[in-house]
Amino acid sequence: MRYHERTKHHFARFAPGPGRLDWANQPDPFRRFEGAPLTRLPLLAPDDEPRAPAYDSLYEPGAVASASVDLRALSRLLEYALALSAWKQAGGTRWALRVNPSSGNLHPTEGYVLTGLGEAPGLYHYAPREHALERRADCPPVLFERLMRGFPPHAFLVGLSSVYWREAWKYGERAFRYCQHDAGHAIGALRIAAATLGWSALVLDGVADDTIEALLGLDRSADFDGAERESAELVMAVWPGEAATGTSSLDAQAVQELKGQRWYGKANRLSRDDPMNYEAIDHVAAASRKP
């Protein structure tokens, strides 16, 4: 509540902020993991897929035929949910727009996918500029089956994290608010994108933040050495067909075993200088963690 009171706008004044924009230290909007194998996804033309479903049918169970879970369909899911939608330019400045809305077009939200597609199951980071998947970790088939036990057939996981610095650079202490807002935007975009494929998407509310961090590799300090860290937001299960009952939470022990597998890549530095330490953001983020 102290954070809320200190960082809210008032009728007569704006909330406190940095007071200026340090353009030389503007965060890079694109996170990459150097050394991670990159798999480019096919950008599909409209003729490469069936006719797009009517908007109203996205909310009618069974109205959209379920697409097979393959690389083309996964590409379409990520294109509709988290990809770039356009580039703009003014003078010498050029910037990208994305499908999922963001506060100030700063895009603190990063996306990850745990899938069994490809030569072997693995955890991937989504790189929107390249529309590609960076392989972050190997996941042996037996371990992948354990992680997906209790979910419908052909299910996979999508994880979201936030880079608080991307918002704090412009909004100061209010950054935590906007990161939560943008995570909600990404959830909505993913659920709509899944519905266009006849798929279901469910936020797994019961998964602890520590488990999400381990699943996405966010707790790997060496992989973020000298780079801005990411904070766990949530993990979603996605599967073909209608919503099912009996879906479970993740096996926390299996997630811990994933930490012992082979990992790839090191996070890039997003800003020239070290970000300021926004203590208030750290405190409220810690207070909001799910045990």
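Select W23, in the loop between α1 (2–7) and β1 (33–34); helices (H or I, at least four residues) and strands (E, at least two) are DSSP runs, numbered from the N terminus. W23 is exposed, with a relative accessible area of 56% (buried means under 20%, exposed over 50%, partly exposed in between, with a 1.4 Å probe and protein chains only). The model is predicted, so local features need pLDDT of at least 70 and side-chain atom pairs pLDDT 80 or more, while totals for chains, interfaces and linings use all residues. Residues are numbered from 1 along each chain as its sequence is written, and side-chain values use heavy atoms, without hydrogens and water.

Next, select the open sheet, whose 7 strands follow the order β2-β7-β6-β5-β8-β10-β9 with antiparallel pairing (two strands pair if DSSP finds at least two bridges between them). Because β2 (38–40) and β9 (199–203) stand at the edges with a single partner strand each, one side of each has no neighbour in the sheet.

Now select β5 (residues 109–115) and β8 (residues 156–162), antiparallel strands joined by 6 bridges. V113 has V158 in β8 as its bridge partner.

Then select α5, which packs on the sheet and touches β5, β8, β9 and β10 (231–240) (contact means heavy atoms within 4.5 Å). The direction of α5 makes about 10° with that of β10 (axes are lines fitted to C-alpha atoms, for helices over the stretch in contact, and angles run from 0 to 180 degrees between N-to-C directions). After α5 comes G198, with a positive phi near 75°.

Finally, select α6 (residues 209–216), which lies across β5, β6 (122–127), β8 and β10, at about 75° to β10.
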